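Open the structure in your viewer and switch to a cartoon view. We will go from strand to strand, then on to the helices. Keep the selection tool ready.

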Amino acid sequence: MEPETITAGLDGSTEGLAAALWAADEAHRRGAVLRLLHAWIMLAAQAPDTAPERDQNVFAREVVREATAAVRERHPQLPIIEDLVGDEPEPALLRASGQSRLLVLGSRALTTWESFVLGDVSLSVVARAPGPVVLVRAGGAGPQGGAPPAAEPSDGAAAAAGGPRVVAALGLGGPAEHLLAFAFDAAASRGVLLQVVHGRPFPAQVYTPWGVDPDAAAEVSAAVAGELAEALHPWRARFPGVLVQQTVLPDSPARAVVEAAAGAGLLVVGRRRHHRLPAPRIGAVTHAAVHHVTCPVAVVPHD
């Protein structure tokens with residue numbers, strides 16, 4: 001059986017290098033092959049014995065060489081495929097997603113206006129990729145892992161203090177098998193806590209003229225926590241070694257996820273493959289995560 005491939009997309013930026021290092025850590029953990037891919041539409045066909053001073057692809061080759069050197073420093077024995085592709089980045093990365101366990105890309109901190117006006121290859125690929133895509137900010141690619149905490153924390157703040165953790169954003173309105181499979185597997189492979197977050201604003205009946213009715217709020221929260229526990233029950237049985245923390249926040253799903261992800265090692269969010277709108281979109285929760293969360297964000301497509 002051939003080893004799996006994890007692909008990092010390179011563009012010569014610090015974010016792309018961070019993506020390569022994160023992907024290298026993941027490939028090392030899983031015994032996978034790391035593919036370093038750089039797509040350049042102007043890539044020229046050249047003879048193998050082309051003199052260096054006549055090499056039209058010198059910049060493209062340097063992008064891949066720099067990433068390879070950085071990875072080798074961290075993981076000297078990791079199998080690496082250096083891949084230069086003569087194509088636009090978006091179609092090349094979409095093909096790579098279909099051929100890889102994971103596609104890992106660098107992510108810039110864009111404002112909402114910049115993301116809509118200037119566009120961003122990473123966001124466009126995330127909205128269309130057939131497989132999971134991990135977005136990594138520069139500075140967010142330190143070695144991953146960590147030991148699990150000794151006891152299950154009682155709230156989100158305690159979870160953050162307990163050590164490295166994977167956070168998964170879970171809605172309860174539809175299937176989430178792919179998202180939960182990815183999140184539990186990520187926590188299991190790292191040996192860390194999995195914190196599953198669900199955000200849902202209080203219904204109108206919880207509010208009174210003088211504020212929130214604590215009894216009604218507690219009743220609603222308990223009911224939602226029960227729904228969440230029921231959704232997670234088969235996955236706890238499938239991954240008995242994973243310590244799971246449930247977090248229910250009375251807020252919008254997007255704000256709840258951004259709040260809970262502070263200090264996490266990895267955030268896992270979902271993205272529906274099919275929408276009523278003709279153009280692919282990533283959804284409010286994923287959009288908020290990409291723009292406001294500093295840790296790596298894994299976007300998992302699901303039906």
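Select residues 33-39, strand E2, together with its neighbour E3. The two strands run parallel and are joined by six bridges. Pick Leu 36 in this pair: its bridge partner in E3 is Glu 82. Keep in mind that this is a predicted model.

**The whole sheet**

Now zoom out. E2 and E3 belong to an open sheet of 10 strands, with mixed pairing. Trace it in the order E3-E2-E1-E4-E5-E12-E11-E6-E7-E10. Which strands stand at the edges? They are E3 (80-85) and E10 (244-249). Each has a single partner strand, so one side of each is left without a neighbour in the sheet. Turn the view to look along the sheet: the twist averages 25° from one strand to the next.

**Strand E4**

Select residues 102-106. This is E4, and five of its five residues are buried, so the strand is largely enclosed by the rest of the structure. Show the side chains and check both faces. Leu 102, Val 104 and Gly 106 are buried on one side. Leu 103 and Leu 105 are buried on the other.

Strand E1, residues 5-10, pairs with E4 in the parallel sense over three bridges. Look for Ile 6, which stands opposite Leu 102.

**Helix H7**

Select residues 177-190. H7 has 14 residues and reaches 20 Å from its first C-alpha to its last, close to the 20 Å expected at 1.5 Å a residue. What does H7 lie across? The strands are E4, E6 (165-169), E7 (193-199), E10, E11 (266-272) and E12 (297-302). H7 runs at about 165° to E11.

Colour the buried residues of the helix: Leu 179, Leu 180, Phe 182, Ala 183, Phe 184, Ala 186, Ala 187 and Arg 190. Step just past the end of H7 to Gly 191, which takes a positive phi of about 70°.

**Helix H9**

For the last stop, select residues 253-260. This helix, H9, lies across E6, E7, E10 and E11. Its direction is about 155° to E7.

Conventions. Residues are numbered from 1 along each chain as its sequence is written. This is a predicted model: local features need pLDDT of at least 70, side-chain atom pairs count only at pLDDT 80 or more; totals for chains, interfaces and linings use all residues. Side-chain values use heavy atoms; hydrogens and water are left out. Helices (H or I, at least four residues) and strands (E, at least two) are DSSP runs, numbered from the N terminus. The expected span of a helix is 1.5 Å times one less than its number of residues. Buried means under 20% relative accessible area, exposed over 50%, partly exposed in between (1.4 Å probe, protein chains only). Two strands pair if DSSP finds at least two bridges between them. Axes are lines fitted to C-alpha atoms, for helices over the stretch in contact, and angles run from 0 to 180 degrees between N-to-C directions. Contact means heavy atoms within 4.5 Å.
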